[in-house]
Amino acid sequence: MACRKRQRFSPEIAGKSDLFDALPDDLVISILCKLSSTACCPSDFINVLITCKRLNNLALHSLVLSKASPKMFAIKAKSWSESAHRFLKICADAGNVEACYTLGMIRFYCLQNRGSGASLMAKAAISSHAPALYSLAVIQFNGSGGSKNDKDLRAGVALCARAAFLGHIDALRELGHCLQDGYGVRQNIAEGRRFLVQANARELAVVLSSAAASNISTRSWLTWSPHPIPHPNHRHPTVPGCPLLSDFGCNVPAPEAHPASRFLAEWFGPRGGMPGRGLRLCSHVGCGRPETRKHEFRRCSVCGAVNYCSRACQALDWKLRHKAECAPVERWLDEDGDGGEGNGAVNGNDDVIAES
């Protein structure tokens with residue numbers, strides 16, 4: 001007796017004439033996986049969930065959620081709710097590393113659930129997620145969520161090296177500055193400079209490839225200009241040109257921030273950029289990380305008016321805008337009238353050098 005293939009749908013559905021209902025579940029799930037992996041915003045996927053009951057059930061399949069793109073988690077801070085939290089948690093449980101990283105950043109910095117947030121970022125890092133590795137490195141460099149004594153510079157350098165190996169440009173830039181300064185690693189100025197040049201070259205390659213995909217002319221990037229340059233993402237307004245690659249005679253748009261970083265900036269924006277009493281945000285506009293204790297971030301050693309979570313953010317912000325704003329002062333103090341933990345000491349190891 002021949003073995004009859006098992007149907008993927010009920011006899012009631014099979015008896016109807018609707019062709020969509022006649023499609024096997026496996027085929028619909030495959031289509032939804034393609035949709036979730038190419039979604040450009042959360043609404044692309046939400047519209048599927050509200051279409052019909054069958055699509056709602058199949059779209060929440062673990063395989064579909066595990067394939068979701070980073071832009072599908074680009075949730076606005078003003079739209080944050082328990083349902084958004086629950087959706088990110090479901091995606092993280094399905095094994096989506098972007099959901100693990102995004103929810104980890106939100107829990108660690110916004111909801112102040114340090115343990116759970118760090119665990120989610122570590123889960124993404126184990127799966128070789130470069131942004132998660134770099135974020136954990138920043139936490140180790142600053143001792144975020146703990147005291148100054150919780151800093152582990154060697155662990156931060158090791159995490160940066162792994163993220164840089166996976167192609168993370170900010171991690172490569174951070175590693176270059178660490179080698180130049182002897183910060184958490186034996187000083188090697190030549191090797192550090194090589195990493196910084198390599199970071200610039202990688203960034204140029206990324207920008208040119210994105211511009212080619214968007215059919216944007218790059219002729220104006222071959223010469224430095226202070227005038228705004230259209231962003232490769234047309235949903236964003238025109239942004240100032242970033243002379244980040246001025247060593248190569250190029251002027252490219254500022255890199256697009258990760259959805260998690262944009263969420264942090266939007267979350268603390270209504271609070272006037274103050275995550276808490278005496279706490280400050282990283283001054284680099286594309287970062288969004290807040291201090292978890294007073295005087296956690298390093299300040300500019302020249303003006304003392306800006307502070308950064310990392311050397312990579314300092315280097316980016318210096319060439320993006322701070323170079324034109326930085327003005328030397330003879331003496332500057334913290335808002336509380338003291339010198340802080342020592343991160344602002346003119347000759348301290350944690351001091352941020354304005355020139356890069």
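Reply: The following account takes up helix 15 and then turns to other parts of the structure. The model is a predicted one.

Helix 15 covers residues 311-325, which makes 15 residues. A straight helix, at 1.5 Å a residue, would reach 21 Å. The end C-alpha atoms of helix 15, however, are only 18 Å apart, short of that value. Helix 15 also has a bend of about 65 degrees, located at Trp318.

A second point concerns its surroundings. Because 11 of its 15 residues are buried, helix 15 is largely enclosed by the rest of the structure. The buried residues include Arg311, Ala312, Cys313, Gln314, Ala315 and Leu316. Trp318, where the bend lies, is also among the buried residues, as are Asp317, Lys319, Leu320 and His322.

Arg321 forms a salt bridge with Asp317, with an N to O distance of 2.9 Å. Arg321 also meets Glu325 in a salt bridge, here at 2.8 Å from N to O. The positions in the helix can be followed in the numbering: Arg321 and Asp317 are 4 residues apart in helix 15, so about one helical turn separates them. Arg321 and Glu325 are likewise 4 residues apart in helix 15, and therefore about one helical turn lies between them. Asp317 has 0% relative accessibility and so counts as buried, the limit being under 20%. Arg321, at 29%, counts as partly exposed, and Glu325, at 49%, also counts as partly exposed.

Salt bridges occur elsewhere too, and the structure holds 10 of them. One of these joins Asp93 to Lys89, whose closest N and O atoms are 2.8 Å apart. The two residues are 4 residues apart in helix 7 (residues 82-93), so they are separated by about one helical turn. Asp93 has 52% relative accessibility and therefore counts as exposed, for which the limit is over 50%. Lys89, at 32%, counts as partly exposed.

In helix 9 the buried residues are Ser116, Gly117, Leu120, Met121, Ala124 and Ala125. The buried residues of helix 9 pack against helix 7, helix 8 and helix 10 (130-142). Just after helix 9, Ser128 has a positive phi of about 65 degrees.

The largest nonpolar core has 76 residues, and the members that touch the most others are Leu32, Phe45, Phe73 and Trp80. Helix 8 (residues 97-110) supplies the largest share of this core, namely 9 residues. Leaving aside residues up to four places away in sequence, Trp80 touches His85, Leu88, Leu103, Ile106, Leu111, Phe263 and Trp267.

To return to the part requested, helix 15 bends at Trp318 and is largely enclosed by the rest of the structure, since 11 of its 15 residues are buried.

Conventions
Residues numbered from 1 in each chain as written. Predicted model: local features only at pLDDT ≥ 70, side-chain atom pairs only at ≥ 80, totals over all residues. Heavy atoms only, no water. Core = buried A, V, L, I, M, F, W, Y, C linked by side-chain atoms within 4.5 Å. Buried < 20%, exposed > 50% of the residue type's maximum accessible area, 1.4 Å probe, protein only. Contact = heavy atoms within 4.5 Å. Expected span 1.5 Å × (residues − 1). Bend = angle between axes of the 7 residues up to and from the residue. Salt bridge = Lys/Arg side-chain N within 4 Å of Asp/Glu carboxyl O.
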